Every structure is written in structure tokens, then in C-alpha cells.
Amino acid sequence: MMRVVVADDETLARRKLRQFLEKHDDIDCVGEATDGAEAVQLVNELRPDVLFLDIRMPGVSGLEVVERVREAPHVVFTTAYDKYAVTAFELQALDYLLKPFGEERFEKTLLRVRHILREGGQPDFSTRAQEAIGESKTLTRFFVRKRGQIVPINVRDVQLLVAGDEYVTLHVGGEKFLVSTRLRILAERLDPDRFIQVHRSYIVNLDYVRAMTPYDGARLQIELMNGNSVVASRTRSKELRKLVV
């Protein structure tokens with residue numbers, strides 16, 4: 001039986017999660033918290049397997065909850081603010097549900113939760129909580145899923161970031177990894193001396209640029225060392241040309 005605690009200051013949000021959870025016979029929602037302080041108390045008392053945790057709550061925030069509990073359960077963050085997505089994954093959250101989410105999106109999260117619980121192992125938030133909460137700092141690593149595990153990837157090894165509908169695809173050598181956030185959120189926290197957004201859908205790592213060639217009269221095509229190539233926008237192509245000395 002999977003034991004779950006839901007922490008959210010919005011009554012409707014808690015009700016929706018409970019309705020989704022109650023459809024599964026192997027899940028027991030053992031408690032609900034309406035603020036961060038109550039969430040810390042419930043987690044410490046009930047020691048659930050999974051915590052569905054809103055990031056922005058009065059008093060103690062969801063991120064502070066993770067920092068304060070004695071033994072952190074596996075966490076699924078829920079929030080209406082996508083700027084926290086990167087922080088959530090730095091903390092190795094199982095998933096990040098952006099409100100308003102529907103049952104289909106919730107079920108995908110639940111599949112991921114079940115898989116991680118079957119694999120075993122305990123989450124370790126304590127060593128990263130303080131670092132990740134410093135949201136304005138430059139990113140140094142991503143935590144991504146690879147063959148049933150959550151593994152770190154150095155940001156400097158990412159050659160290309162490609163925007164999708166709900167995810168950003170990281171191109172690392174010949175591999176691809178999904179991060180549940182938006183490209184503009186990542187752009188704010190990447191090293192501007194190394195990464196440049198060449199199009200609304202692409203960010204490239206300048207360390208891995210093999211060549212830039214004219215694509216048409218105004219745009220440049222950027223060839224990367226892993227074989228990928230993207231076409232920069234007219235505005236970004238103009239800025240890239242300024243890098244030529």
C-alpha cells in the first residue's frame with residue numbers, strides 16, 4: 001500500500017488530488033496539510049511514502065518543508081508557478097505538476113511514482129536543499145531519469161536544449177533527456193558566457209559549436225559537435241555575427 005500525504009493551501013487542489021488518488025485501491029491518503037508547518041508535522045508523524053507538495057504556501061514554503069522534515073519522502077511538487085521547475089528537479093522530485101493539471105497528466109505521474117517505489121532506494125534531499133533553494137544562482141547540474149534511475153548531468157556537458165510543449169529536451173552527446181520545464185525558465189539560469197538562445201526553441205552551448213554557416217541572407221545555421229544543427233533567428237544571427245573577431 002502506497003501511503004500518501006497531500007499538502008496544499010487550496011481546498012479545491014487538495015480535493016482534486018484526493019479524488020484522483022481514491023480511484024486506486026493500493027493508495028492510502030493518510031493525511032492532508034493546509035500549510036507548510038502542518039506538512040512538516042504530518043510528514044514527521046506519518047512518514048508517508050509520497051508527498052504531493054505545493055511549493056507556494058503561507059508561512060513555510062514547500063521548498064522549506066523539504067528542508068525541515070526529518071526523513072523526506074518521495075516528493076511530487078504541485079504549483080501554478082513554473083519558475084520552480086528547475087529547483088524541483090535539482091531536489092530530485094519525482095515529478096512536477098503544473099496547475100491546472102488533469103487526470104491524464106496525474107496518471108502519468110503516478111506511473112512514474114510506482115516505478116521509482118518498485119526500484120527502491122530513499123530520496124536524499126538534505127544535501128541539496130539549501131543549494132537548490134537559491135533560485136537565482138547559475139545552474140551547474142540537472143537531475144534526469146535514465147534507465148529507472150535519477151542521475152546528475154553537468155550543465156557544461158549539455159550541447160543543445162530544445163523546447164517542447166511540456167518539456168525541454170537536453171542533448172548530451174548522443175543521448176537525449178527530458179526536463180519538465182520551459183526553455184525561458186532555463187535560459188534565466190544558464191551561464192550566459194557559455195549558453196546562448198539562438199531561437200525561441202533552441203539554446204546552444206557555444207563550447208560545442210563546430211561551425212556557423214550562412215543559411216539565407218539573414219540567418220545562420222549552427223552545426224554542433226554531436227551532429228545536430230539548428231537555424232538561428234534573424235535577430236540572434238545578427239548577435240552571433242558580433243562574436244566573430
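A search of the whole structure finds 2 aromatic pairs. The model is predicted.

Reader: Why is the pair of phenylalanine 20 and phenylalanine 106 called tilted?

Author: The ring centres of phenylalanine 20 and phenylalanine 106 are 5.2 Å apart, and rings pair if their centres lie within 6.5 Å. Their planes stand at 40°. Planes under 30 degrees apart count as stacked and those over 60 as edge-to-face, so the pair is tilted.

Reader: Which parts of the chain does this pair link?

Author: The pair links distant parts of the chain, with phenylalanine 20 in helix α1 (residues 11-21) and phenylalanine 106 in helix α5 (residues 103-119), 86 residues apart. Both phenylalanine 20 and phenylalanine 106 are buried. Ring pairs also join Phe20, Phe52 and Phe106 into a cluster.

Reader: How do you know that the charge of lysine 16 sits over the ring of phenylalanine 101?

Author: The charged end of lysine 16 is 5.1 Å from the centre of the phenylalanine 101 ring. For a charge to sit over a ring, the distance to the ring centre must be within 6 Å and the direction within 35 degrees of the ring normal. The charged end of lysine 16 is accordingly described as sitting over that ring.

Reader: What makes valine 75 buried?

Author: Valine 75 has a relative accessible area of 1%. Buried means under 20%, so valine 75 is buried. This residue is found in strand β4 (residues 74-79). Valine 75 and phenylalanine 52 are 23 residues apart in sequence, yet their C-alpha atoms are 6.0 Å apart in space.

Reader: How do you know that β4 is mostly covered?

Author: In β4, 6 of its 6 residues are buried. His74, Val76 and Thr78 point one way from the strand, Val75, Phe77 and Thr79 point the other way, and all are buried. In a regular strand the side chains alternate between the two faces of the sheet.

Reader: What makes β3 and β4 a pair of strands?

Author: Two strands pair if at least two bridges are found between them. β3 and β4 pair in the parallel sense over 5 bridges. Aspartate 54 stands opposite threonine 78 in β4.

Reader: Why is methionine 57 called buried?

Author: The relative accessible area of methionine 57 is 8%. The cut-off for a buried residue is under 20%, so methionine 57 is buried. Methionine 57 lies in the loop between β3 and α3. Leaving aside residues up to four places away in sequence, methionine 57 touches Ala7, Asp8, Asp9, Asp35, Gly36, Gly62 and Val65. Of these contacts, glycine 36 is 21 residues away in sequence, with a C-alpha to C-alpha distance of 6.1 Å.

Reader: Which residues of helix α2 are buried, and what do they pack against?

Author: In helix α2 (residues 36-46), the buried residues are Gly36, Ala39, Val40, Leu42, Val43 and Asn44. The buried residues of α2 pack against β1 (2-7), β2 (27-33), β3 (50-54) and α3 (62-68). At the start of α2, a side-chain oxygen of aspartate 35 comes to within 3.2 Å of the backbone nitrogen of alanine 37.

Reader: Why does arginine 47 count as exposed?

Author: Arginine 47 has a relative accessibility of 54%. Exposed means over 50%, so arginine 47 counts as exposed. Arginine 47 is placed in the loop between α2 and β3. Although arginine 47 is not a glycine, its phi is positive, at about 50°.

Reader: Where is there a cis peptide bond?

Author: A cis peptide bond joins lysine 99 and proline 100, with omega about -5°. Proline 100 lies in the loop between β5 (95-98) and α5.

Reader: What makes β12 a partner of both β8 and β11?

Author: At least two bridges are needed for strands to pair. Strand β8 (residues 160-163) is joined to β12 (residues 202-205) by 3 bridges, and strand β11 (residues 195-199) to β12 by 4 bridges. β8 and β12 run antiparallel, and so do β11 and β12. Leucine 161 stands opposite isoleucine 203 in β12, while isoleucine 196 stands opposite valine 204 in β12. A hairpin joins β11 to β12 through 2 residues.

Key. Residues numbered from 1 in each chain as written. Predicted model: local features only at pLDDT ≥ 70, side-chain atom pairs only at ≥ 80, totals over all residues. Heavy atoms only, no water. Phe/Tyr/Trp six-rings, centres within 6.5 Å; stacked < 30°, edge-to-face > 60°. Buried < 20%, exposed > 50% of the residue type's maximum accessible area, 1.4 Å probe, protein only. Contact = heavy atoms within 4.5 Å. Polar contact = N/O pair within 3.5 Å; in protein donor to acceptor, adjacent residues only side chain to side chain.
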